[in-house]
Amino acid sequence: MNRTLPPLGAAPEVTLPPITDTTLTGGLRIVACRLPSVPLIQAHLAVPVNPADERELAALEVLTAALPHRSLAAERLEHIGGSLSSSRRGAWLGLSATCPASRLPLLGDTLAQTLATTAQSPAGIDEARGKVIRQAQLAAAQPGLVSQQALLKQLYGTVPLPLLPLPSPAHLREIAPQEIAAAHRQLLRPQEAVLVIVGDLDPETAVQMLHRRLSSWEPGAGGTRTGVTRCPAPATPTLQRKQQSGWVQSHLRLAAPGVGREHPQFPALSVASVVFGGYFSSRLVSVLREQLGLAYRVESAFTDHLDRLIIGVEADTATAATGPALRRLLGELDRFGHEGPTRQEIDAALRYMTGVTVLSLASQSGLASTLLSHLMLGQPLDWLVTFTRRLADVSAAEVREAAGTFYTPARFGGVVVGDLKNLEMSGPDDGNA
């Protein structure tokens with residue numbers, strides 16, 4: 001098969017539209033950006049949450065599921081073609097809303113009513129609780145989530161609460177409505193929260209309107225807990241197995257410590273990550289999936305464990321292919337660390353990274369979610385622009401140095417989850433398979 005690609009044109013320039021950035025007296029930061037590509041508005045809100053224990057985490061999870069269905073404004077938003085959804089991502093609770101550009105005030109009312117600490121209806125609580133319990137039960141059988149839980153336990157012993165994907169069904173069943181209301185009062189506060197709004201709008205007018213609508217969202221009384229929880233230092237991971245009898249699929253999850261995004265080596269490490277397993281033409285995809293057929297899915301990517309960055313490698317395989325896939329993955333990791341990527345691989349990865357960044361900023365939803373993600377990490381609004389310039393200055397030697405420093409088997413540990421009765425975790429890496 002001929003894998004030669006045609007020559008590419010000049011890399012597109014990464015730019016941001018004009019942005020209005022302000023912080024309200026209660027602590028909520030509002031970032032508004034005009035992108036009139038379609039007559040819609042996208043709003044993404046992130047609120048830092050810091051539950052005290054797993055019981056309060058369970059109350060927070062039920063509250064998160066109930067939020068989109070708790071106000072008349074949310075119903076009106078849906079009737080005109082808008083939407084409201086909620087989710088928890090680590091130490092953040094998120095609300096996402098969409099509406100026609102002409103109904104911006106309704107969007108503001110929807111957010112304000114959703115965030116207000118009025119009591120949830122018993123029917124709404126029961127429906128939300130049932131939904132989250134079903135999600136927790138399904139998650140218990142998902143290879144990826146089982147391996148994630150096993151890796152977190154290996155790294156931290158007692159897993160930091162925000163890193164738990166879902167609380168236990170037992171805690172969820174026990175939560176009373178008053179506990180959910182208390183979690184709302186304690187955890188959903190505007191301090192350090194971020195709201196990004198993008199679309200066919202005037203940024204200054206949008207900020208003024210949101211200021212009026214959300215001024216009633218107050219910081220609350222003393223004792224409220226805000227701020228992102230810090231992650232403890234992880235233990236040095238080892239390679240372990242977790243037996244799941246009867247499974248027809250295995251999940252491989254490896255991890256190693258990374259560096260902060262402001263570290264001088266981070267741009268070179270980012271390129272190395274993409275070359276190794278970050279996109280469809282990466283080493284791992286080409287070898288394990290396309291050439292050898294050992295994995296359904298394989299990738300290498302960064303994962304944020306609260307304030308720490310972890311280098312992760314994952315693969316989904318059939319049970320019979322688990323051993324060969326693991327050995328070949330470790331062999332590719334060893335080769336990558338010793339040999340590093342080629343100049344052609346580095347150039348292709350840089351083009352891919354720049355292209356993905358440009359595409360992520362081209363749509364309203366992509367721009368809103370991208371800006372919010374970086375603000376949640378404490379980065380400046382123009383971080384993507386400046387980081388793209390840093391990438392352009394990375395040399396091939398720096399990428400190879402990052403590969404040699406960070407991508408060696410000795411730095412990685414993790415878990416293999418599946419029906420592993422006959423698994424041999426050591427042996428030749430089947431390099432000639």
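**Side-chain contacts**

Tyr-352 is partly exposed, at 28% relative accessibility; on this scale buried means under 20% relative accessible area, exposed over 50%, and partly exposed in between, with a 1.4 Å probe and protein chains only. This is a predicted model, where local features need pLDDT of at least 70, side-chain atom pairs count only at pLDDT 80 or more, and totals for chains, interfaces and linings use all residues. Residues are numbered from 1 along each chain as its sequence is written, and side-chain values use heavy atoms, with hydrogens and water left out.

Aromatics, then. A search of the whole structure gives ten aromatic pairs. Rings of Phe, Tyr and Trp (its six-membered ring) pair if their centres lie within 6.5 Å; planes under 30 degrees apart count as stacked, over 60 as edge-to-face and the rest as tilted. Tyr-352 pairs with Phe-280: the ring centres are 5.9 Å apart and the planes stand at 85 degrees, so this pair is edge-to-face. Phe-280 sits in the loop between helix H9 (266–278) and helix H10 (283–291), and Tyr-352 in helix H12 (residues 343–360), so the pair ties together parts that are 72 residues apart in sequence. Helices here are DSSP runs (H or I, at least four residues), as are strands (E, at least two), numbered from the N terminus. Phe-280 is exposed, with a relative accessible area of 56%.

Tyr-407 and Phe-412 have ring centres 6.1 Å apart and planes at 35 degrees, so that pair is tilted. Tyr-407 is buried at 0% relative accessibility, and Phe-412 is buried at 8%. One aromatic cluster is made up of Phe-266, Phe-302, Trp-383 and Phe-387.

Now the charges. How many salt bridges does a search of the whole structure find? There are 18 salt bridges, each a side-chain nitrogen of Lys or Arg within 4 Å of a carboxyl oxygen of Asp or Glu. In one of them, Asp-316 meets Arg-297, with the closest N and O atoms 2.8 Å apart. Asp-316 lies in strand S10 (residues 308–318) and Arg-297 in strand S9 (residues 297–305), so the bridge ties together parts that are 19 residues apart in sequence. Asp-316 is buried at 10% relative accessible area, while Arg-297 is partly exposed at 30%.

Arg-335 and Glu-332 form a salt bridge at 3.3 Å, N to O. These two are three residues apart in helix H11 (residues 322–339), which means a separation of about one helical turn. Glu-332 is buried at 5% relative accessibility. Finally, salt bridges with shared partners join Arg-253, Arg-297, Glu-299, Glu-314 and Asp-316 into one network.
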